[in-house]
Amino acid sequence: ALLKLHLYPRVILDTRHAISLLPHNMKAYFQLAQAQIALGDPSSALTSAKKAHEFCVEECVSGGKGASSIGPITELVLRAKKEDWERREDERLKGMEGLLAEVVRGMEKSRDGEVEGLKGLEVGEEERERRVEEVRGVWEGKIREVRRVWESAEGCNGLERRRKVPD
């Protein structure tokens, strides 16, 4: 009833208590996994769903009533795997964006250091400005090239390539 009322924290408390009383409680693990998915914790849900599946299979083998539950439990395991995969894929893509930004910042820092070094040259103002613009142009070309290579590695037209859940 708590699952249908969307009272997921209470479901988690009650199922954990039920598991403490009966550690091989397939139904409690099944409900726990459903509540964990609903609360956005697919990693824990996957662990709970696998445990429910394990107990269901044991029950099927021993001739118990678990056979009628194997379908829904297997679907829940697959759903938890998919949602956990999606969460990890989101983290991977965010990390890639951060890595590109870090690389570009490093290149910009090198460019700025090189430009700063040109300020001490004992040449005319016009010559110094020409060299500064030349250095800036070279570094901007390098940064554009890094971005282009990065985008082509991620997918077409700069769109990030999202990996699919393996079968």
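## Close-up views of a predicted model

**View 1. Helix H2 meets helix H4.** From H2, the residues Met26, Phe30, Ala33, Gln34 and Ile37 meet Pro72, Ile73, Leu76, Arg79, Ala80 and Glu83 of H4. Sorted by class, this contact of H2 with H4 holds eight nonpolar, one polar and two charged residues. The model shown here and in the other views is predicted.

**View 2. Axes of H2 and H4.** H4 covers residues 70-118. The axes of H2 and H4 come within 11 Å. They cross at roughly 35 degrees. The crossing of the two helices, H2 and H4, is left-handed.

**View 3. The largest nonpolar core.** This core has 15 residues. Met26 and Ala35 have the most contacts inside it. Helix H1 (8-21), helix H2 (26-38) and H3 each supply at least two of the core residues. H2 gives the largest share, five residues.

**View 4. Surroundings of Met26.** Neighbours within four places in sequence are left aside here. Met26 is then in contact with Ala52, Phe55, Cys56, Glu59, Ser69 and Ile73. Of these, Ile73 is also among the H4 residues in the contact of H2 with H4.

**View 5. Ser48 in helix H3.** Ser48 lies in H3, which spans residues 42-61. Its relative accessible area is 5%, so Ser48 is buried. Not counting residues up to four places away in sequence, Ser48 touches Tyr29, Leu32, Ala33 and Gln36. Ala33 also belongs to the H2 residues that meet H4.

Key: Residues are numbered from 1 along each chain as its sequence is written. This is a predicted model: local features need pLDDT of at least 70, side-chain atom pairs count only at pLDDT 80 or more; totals for chains, interfaces and linings use all residues. Side-chain values use heavy atoms; hydrogens and water are left out. Helices (H or I, at least four residues) and strands (E, at least two) are DSSP runs, numbered from the N terminus. Buried means under 20% relative accessible area, exposed over 50%, partly exposed in between (1.4 Å probe, protein chains only). Contact means heavy atoms within 4.5 Å. A nonpolar core is a set of buried Ala, Val, Leu, Ile, Met, Phe, Trp, Tyr and Cys residues joined through side-chain atoms within 4.5 Å. Axes are lines fitted to C-alpha atoms, for helices over the stretch in contact, and angles run from 0 to 180 degrees between N-to-C directions. A crossing is left-handed if the near helix is turned anticlockwise from the far one by less than a right angle, and right-handed if clockwise. Ala, Val, Leu, Ile, Met, Phe, Trp, Tyr, Cys and Pro count as nonpolar, Asp, Glu, Lys and Arg as charged, and the others, Gly among them, as polar.
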